[in-house]
Each structure stands twice: as C-alpha cells, then as structure tokens.
2 protein chains.
Amino acid sequence: MLSEFDLIKHYFVRPSHAAARATLGIGDDCALLTPTPGMQTAISSDMLVEGRHFFAGADAFKLGHKSLAVNLSDLAAMGARPVAFTLALALPAADRDWLAGFAAGLFALADAHGCELIGGDTTKGPLTICITVFGELAPGQALRRAAARPGDDLWISGTLGDARLALAGYWNEVTLSEAEQQASAVRMHTPTPRVALGRLLAEQGLAHAAIDISDGLVGDLGHILKMSGVGATMEVDALPAGPVLATRDAALRRAYTAAGGDDYELCFTAPAGARAAILAAADSVGTPVTRVGRIEAETGLRLVDAGGQALDLRLAGFDHFAS
Amino acid sequence: MLSEFDLIKHYFVRPSHAAARATLGIGDDCALLTPTPGMQTAISSDMLVEGRHFFAGADAFKLGHKSLAVNLSDLAAMGARPVAFTLALALPAADRDWLAGFAAGLFALADAHGCELIGGDTTKGPLTICITVFGELAPGQALRRAAARPGDDLWISGTLGDARLALAGYWNEVTLSEAEQQASAVRMHTPTPRVALGRLLAEQGLAHAAIDISDGLVGDLGHILKMSGVGATMEVDALPAGPVLATRDAALRRAYTAAGGDDYELCFTAPAGARAAILAAADSVGTPVTRVGRIEAETGLRLVDAGGQALDLRLAGFDHFAS
C-alpha cells in the first residue's frame, strides 16, 4: 500500500539541483520563493476534471503534459517567464503505473520550460488535477486583455481546429482515418504552450493585448474586445487550420478554426508598425504567426470571407455551465 | 441560467479598493502580484473534496471559511503574512444560494486577514475546492519543520480534539448532547488559523520549528522530528483539550488530543529562554499556548503521563490513501 507521503516522495520530490528556483520546496507547510528583485509575479490556476476536460482512462503521460501545458499557456498569454508551480491532485487510488506516467509527462514539459514543482496536495477523490503556475515579468510588460487599440493587427500563432477535429472524430461527428485521428489527437492531448513567443512579444514590446485560445477563438477574442472597449473584423478564411482540418471542406474549417476550443494558441493584437519585428520574433522561436484581421473602434466582432463579405456563422465559445 | 463568466463576476469579483494587493486581479490570463522588495513569497495549496474533507450537503458559508482557513493555517505555520489567494472550484451545478453562501464565508475570513482573491478557475464537476495561498515573510524568518533542536520546549496553541469529537458524534462513536455536538462542531467546521501567533513567532525569532496540526498531533509532530533528526518526550495529559472534550474521560481525551485531526492549531518548538516572550506574544494576540514536552537528541516520540510514566497509545496520523 502506497501512503500519501510515499506517493509524494516517490513520484513528485526530485533531487535538488543548482538551478532550483525555490528557496524551500516540497515537504514543509509552505514552499518559499525568492522573487527576482524588481519583477512582478504572474499567477494562474487551472483545474482539470475527469470526464469534463479529459476522458476517463486518458493516457497518464499525456494528461501530465496537458495539465501543465494549459497553465503555461496562461503565462504565455501574459508574456511571463515560467518559474514554478504547485500541483493538487485528487486520485481515486494510488495507482503506481498511472502516477509514474503522469509524473513523467508533467516533468518532461516542466523541465523544458525550467518550471519547478514546489508543493501541493494529494488526496483521495474523483480524478481532479489543479495546477497553479508562477511566472515572472518586468513591470509594464504584461500582455493584458484590456490593451487592444483600434488599428491594431489581429494575429494568431500556430494553427487552429485540429484539437476540435480530434474530438469530433472520437464522437463520430466526422469520419477520420486512423492516421488523421492520431495526427489531430496530438493537438488535443499534448498542446504546445507558446511560452517563447509570448515572452518575446512582451519583452520586445511588440504586442498590445493577448489571450490564449482555450474555449474557441471567437469567444476568447471576445474577452479582448470587451475588456478593451473595441471591436474587430476578422477574415475567417485566413484563420490557419491545423494540417488535418486543412484537408476538410470550408464549412468545417470555418467552424473549427473560429470556435473549436482546446487550441492553446495565442491570439494577440499589435500595431501595424510591428509586423516585421513580429514575424522575425516568431521565426526566431519557430512558431508560425498569421495576421487574420484588424481591431476597430466600432464594438462587436465582424466575421468576413476572403472577399470581405459578412459571414453569419453561428458560433459560441465554450461555457462550463451551459452544457 | 448562470454562465461561467456571470458566476465569476457576480460572486467572486469585488470592487477594487485602495488596499488591493494585486497589480492585476481576476479577469485576465494571469493575476499579477508585485512582491514587496526583499520579502520571500510563501505558497501553499490545499484541495478539499466532497465526501472526503466535508460531508455532502455541508453548509456553504462554513465550507467557504474552512477552505481558506486550512490554507491560512499553512501560512501561519510558516510565520508568513497572508497576501492573496487563487480559487479553483469544480461544481456539480451553478447553484446561486450555494455560491452566495460559499463566497460570504470565504470573503469574511479573507477580509479578516487582508488576503485578496486574485484569480482562479471554475468548472463543472464533483464538488472540489482548490485554494493556493500566497504570503510574505522576511528571508530567514520562516518557521521550518527541519529547525527543531534538542532542548527546545514543545508548544501547542489553543486546544485540541474537539473537531475529532464532533466527527465522533456525527458517526455515533460517542454520545453528545445537542449543545455539545454544536459546540464541538464549531471547531470542525470553522477552524481558526493561528496567523497572528505564527507571524509573531517568526518576526520576533521566538520559535525554531513549527507545523500546523491537520492530520493529528502525533503524526504532524512526527514530521518535525523526522525532518529535524531529533526526538521528543510529550506529556499526553498536558495536551490542552477543547472545552467539550475536556469533560470526557482520560482515554478519549488522550486519543483525540494526541491524534484527533482537523485541529488547525500550531505545534512549535522554541528554546527555553523564550518562554516568557512566547507567553507575552500569545497573550497579545489572544491565543493561549501550552508547553507539552521537550525536544531531545534521541530520535522517536515518547508519550508519557503526568508522572512521567510511558504510555503505550495506539495512535496514527491520518493518511489519505490508507482508508
């Protein structure tokens, strides 16, 4: 029988190393972090619930990755550098294989971003994963949702819609070949948080507003527009579709790129004068970016086709309490 | 129908005020905190699961209080000043009465400690509450579990065992009058985190090691002893019993004070020379403290009666994966 303390010690406590960020890590009442002088701390929490955010029986390694990835994506959308995180975990049972897989997926991504697990909680309960992540950034650099300005370009990182397409495949809403299902599922299960791009946009002062796309672009962009008191025109057919979705018809491409969800790409606004610098920054970190519209003083979001004609798409962001 | 965003806006976003700690609070991808120059950040996470940490149908106001109290108790055990917290909440449904009660209990305690809600997450799922709390303290002041020294006195704040007695009453393990059940249940449902005491012990450098008693004194003290590489002799009949438990026989008093659980009192060690200062500090914040034993070089915990005779109590700390 694996006790709570053995579980933490065996799967989550790692040898301390010279680069450790925490002054005091796992094993006391609190962890202690010593902030870098002059820097602000960016903080975000996300909770993932079995049957809601992932299927029962989901692969533990991928779940470890995704649990941290969705939190790092929030830091990316702020332009912050990842520093550390806490993990609170409710588990139906202390299953060694599951724990080993989860920890491996979690730490692989954490190590890639120099983000240290500094504390948390484990308890018995319905499988629920709650991560709180900490980042740093210089005062005034944060990419806030309220900072979009009329005249800004509207940009999207990477590609959209393949995660939603994978879900549609699992639900038999669309027919996918095995290869297509696998390729699109990579985006659904192991999203790539755009941390390096977000940091460059913030540090170089290239972007005004940013948000990460988790509940569908149209809904998430809506938060930027509302909080900034502005509107936008967005060219739906310019939205970069994931490689599997790109082979599908226009109606599905439009629906899943504009309102798919689970993309974890960045949507950001920036002045037209920053175009060349943004393309150079994106290229330097290997993350493609696409210009898809323009911020305008008139409130509301206007969706248009390649010819500039209005599109009346019935799209909605994901709301956890509406379904 | 209450949407996710309406829910957050209506129940958890509060008017900003001059004393706000957060540079940027609820409503963006991350919250932003500006650390006080030169201070360390203390961080703790606790997750509460329905049916595990509280009964199904538990009073929402008290649950709001307790969810934050158990986290503030971790800051108290470190000696840190509360600053802010995040709340991640999985709810089976967006019940307005429940949300209003939970928020009222949560904010009443938060306001009493000047601790600001700066962000979080809400989702549908089995009722689960995950709070991550942030505090500040000066470098070198933290009351660490590993800091107990042979010759230290062993101290307990407040009283122990009434929370466990209330649970025994609910489970019909003991017979309590209605008044006794109510009085003891206050300790179980609305514990008082010893924040002011913890801060004084740290700021005045009075204590060496500290821990908050959540899983039973013997088990939690065991963490101090193990991490400090020391042992202790503790006089079980000197343990301060809660007012209801104090009326019960010695066997029950011994069992529930020594290993009851859910007490959220502080167990701390301090040099004998600090006795007068500790009593004065405790008196200044209205929290009684009791000296119950002594830290010794010989490892292990020796339980003795008032005459110094060894007691062989079969006690165990609470382990979330052992039951």
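1. Basis. The model is predicted; local features need pLDDT of at least 70, side-chain atom pairs count only at pLDDT 80 or more, and totals for chains, interfaces and linings use all residues. Residues are numbered from 1 along each chain as its sequence is written, while chains are lettered from A and ligands numbered from 1 in the order in which they are written.

2. Of the contact residues of chain A, 100% recur in chain B (contact: C-beta atoms, placed from the backbone, within 7 Å).

3. Interface. Chain A and chain B each bring 56 residues to the contact. On the side of chain A that touches chain B, strand β3 (residues 40-49) of chain A gives the most, with 9 residues (strands are DSSP runs of E, at least two residues, and helices runs of H or I, at least four, numbered from the N terminus). That side divides into 28 nonpolar, 16 polar and 12 charged residues (nonpolar: Ala, Val, Leu, Ile, Met, Phe, Trp, Tyr, Cys and Pro; charged: Asp, Glu, Lys and Arg; polar: the others, Gly among them).

4. Pairing between chains. β3(A) pairs with strand β2 (residues 31-33) of chain B in the antiparallel sense over 3 bridges (pairing requires at least two DSSP bridges). Within β2(B), B:Ala31 is the bridge partner of A:Ile43.

5. Sheet of chain B. An open sheet of 6 strands has the order β8-β10-β7-β11-β9-β12, with mixed pairing. Since β8 (210-213) and β12 (300-304) of chain B are at the edges, each with a single partner strand, one side of each is left without a neighbour in the sheet. Strand β9 (residues 231-235) of chain B pairs with β12(B) in the parallel sense over 5 bridges. Helix α7 (residues 217-228) of chain B packs on the sheet and touches β8, β9, β10 and β12 of chain B.

6. Helix pair in chain A. The axes of α7 (residues 217-228) and α8 (residues 250-259) of chain A come within 5 Å and cross at roughly 40 degrees (axes are lines fitted to C-alpha atoms, for helices over the stretch in contact, and angles run from 0 to 180 degrees between N-to-C directions). α7(A) and α8(A) are therefore oblique to each other (under 35 degrees is roughly parallel, over 145 roughly antiparallel, 65 to 115 roughly perpendicular, the rest oblique). The contact of α7(A) with α8(A) has 4 nonpolar, 2 polar and no charged residues.

Terms used:
Two residues are in contact if their C-beta atoms, placed from the backbone, lie within 7 Å.
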